[in-house]
Amino acid sequence: MNVPDPQTTLARWLSGPRFSRLPDHGPDAGPPKLSFEFFPPRTDALEAQLWACIRRLEPLAPRFVSVTYGAGGSTQARTHATVARIVTDTSLTPAAHLTCVGASRGEIDDVARQYWDAGIRHIVALRGDVPGGGPYVPHPDGYAYASDLVAGLKRVADFEISVAAYPEIHPTASSPLADLENLKRKLDAGATRAITNYFFDNATFLRFLDLALAAVRGRAFALTLAGVGTFAKGGRETQLWAGVARNPALDHLQNKVETALQRAGLEPERRRFTPHVTLARLRHPDTDKIIEWLTQHALYTSEEFAVDGFHLYSSKLTSDGSIYRIEHSYDLRGFHGETGD
Ligand code: FAD
């Protein structure tokens, strides 16, 4: 049989319709960052097959590879053995799945410590399901939910932690919003990445992303005005403005707003983001006076001030200038959690 080269298969997937319509995959974006999930092998033959597979996938340099975790001692030992061998025998970065099912907090913490000692720094923290089906009942001394497990793992060591997310909503969640609040709890507890299982329709994932973006709040930050400049139209300076000192929190907020707008169907903004405060619009610009003003105020800086909210405006251009109206206000106060958004 002719086995296709993984690089060729990957290139074919990435240029296909499923990937090209995903966010952050426009023409300017780099290749998506990959991870692969493996199941711990049950037999020697499956183990040999897994390792042949790992060797073929290794040249694709995934960001990490993870190994799932089952209920029961023997499958759990196989997960441990597989991730430990990935650390010692390959150039890959492994992540070990870990669940709350059927174990006390002390037992789970011990497994986590063994992972840390074996050089495994990334855990995919999950609640797990009852083997054979049936309603989930937490272990009396165990971590009840994945968010509790994340907090417990962070107490054991400074693991990188990924958690599960459900674009099609977890089957036992009371509502889509409750499920999203649970995801936020996991991120607030210390997780920095959410992984979904496969889904068949990109639209489901994109709707989930919109919901998540609307739910994740930014935080208040401080801003300083700095420098001045002009905007020109038809070769004439028509606007004077004060600039804003470089500010990662503002860039991050703008990025989130831009992403949300694109997800809502708006065209991407092609102009460079130039945060500024408009000081004057000039009907009859005088070039000499403008240059003099720019020179005088080139080193302008304001006091630092707090930004604890922002408005979405609509603007209508009339012969007397633009009329602005606040359409919606967003409050950035009262958010203290860290999220991996
Ligand atoms: P949680 O985040 O704890 O959520 C479970 C349910 O409880 C949700 O409905 C949530 O809304 C609800 N909930 C959470 N907190 C509360 C609360 N305080 N009060 C009331 N309700 C609450 N399973 C395995 O056994 N081994 C694996 O290796 C494995 N890998 C997986 C990898 C991925 C990427 C995914 C998406 C799933 C994986 N699973 C695995 C399956 C997972 O264990 C199940 O989907 C499980 O039912 C939920 O796990 P969770 O971590 O999402 O749980």
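1. By class, the shell around the ligand holds 10 polar, 8 nonpolar and 4 charged residues. Keep in mind that this is a predicted model.

2. Which residues come nearest to the ligand? Thr68, His97, Arg127, Ala146 and Ala164 do, out of the 22 residues around the ligand. Four elements deserve a look next. β3 (94–99), α6 (146–156), α7 (176–188) and β6 (193–196) are the elements that give two or more residues to this shell. Which of them gives the largest share? That is α7, with 4 residues.

3. Is Ala95 buried or exposed? Ala95 is buried, because 27 other C-beta atoms lie within 10 Å; the cut-off for a buried residue is 20 or more. Strand β3 is also on the list of elements that give two or more residues to the ligand shell.

4. What does Ala95 touch? Leaving aside residues up to four places away in sequence, Ala95 touches Phe64, Ser66, His122, Ile123, Val124 and Ser162. A further distance can be checked on the model. From C-alpha to C-alpha, Ala95 and Ser35 are 9.9 Å apart in space. In sequence, Ala95 and Ser35 are 60 residues apart.

5. Next, the sheet. Three strands form an open sheet in the order β8-β9-β10, and the pairing is antiparallel. β8 (225–233) and β10 (276–281) are the edge strands, since each pairs on one side only. From one strand to the next, the twist averages 25°. In general, strands of a sheet pair through backbone hydrogen bonds, either parallel or antiparallel.

6. How many bridges does each pairing have? β8 and β9 (residues 236–244) pair in the antiparallel sense over 7 bridges. Within this pairing, Thr230 stands opposite Leu240 in β9. β9 and β10 also run antiparallel, joined by 5 bridges. Here Gly243 has His276, in β10, as its bridge partner.

7. How many of the 6 residues in β10 are buried? The count is 0, and β10 is hardly covered. β10 is also one of the edge strands.

Key. Residues are numbered from 1 along each chain as its sequence is written. This is a predicted model: local features need pLDDT of at least 70, side-chain atom pairs count only at pLDDT 80 or more; totals for chains, interfaces and linings use all residues. A residue is near a molecule or strand if its C-beta atom, placed from the backbone, lies within 6 Å of it. Ala, Val, Leu, Ile, Met, Phe, Trp, Tyr, Cys and Pro count as nonpolar, Asp, Glu, Lys and Arg as charged, and the others, Gly among them, as polar. Two strands pair if DSSP finds at least two bridges between them. Axes are lines fitted to C-alpha atoms, for helices over the stretch in contact, and angles run from 0 to 180 degrees between N-to-C directions. A residue is buried if 20 or more other C-beta atoms lie within 10 Å of its own, exposed if 12 or fewer, and partly exposed in between; C-beta atoms are placed from the backbone. Two residues are in contact if their C-beta atoms, placed from the backbone, lie within 7 Å.
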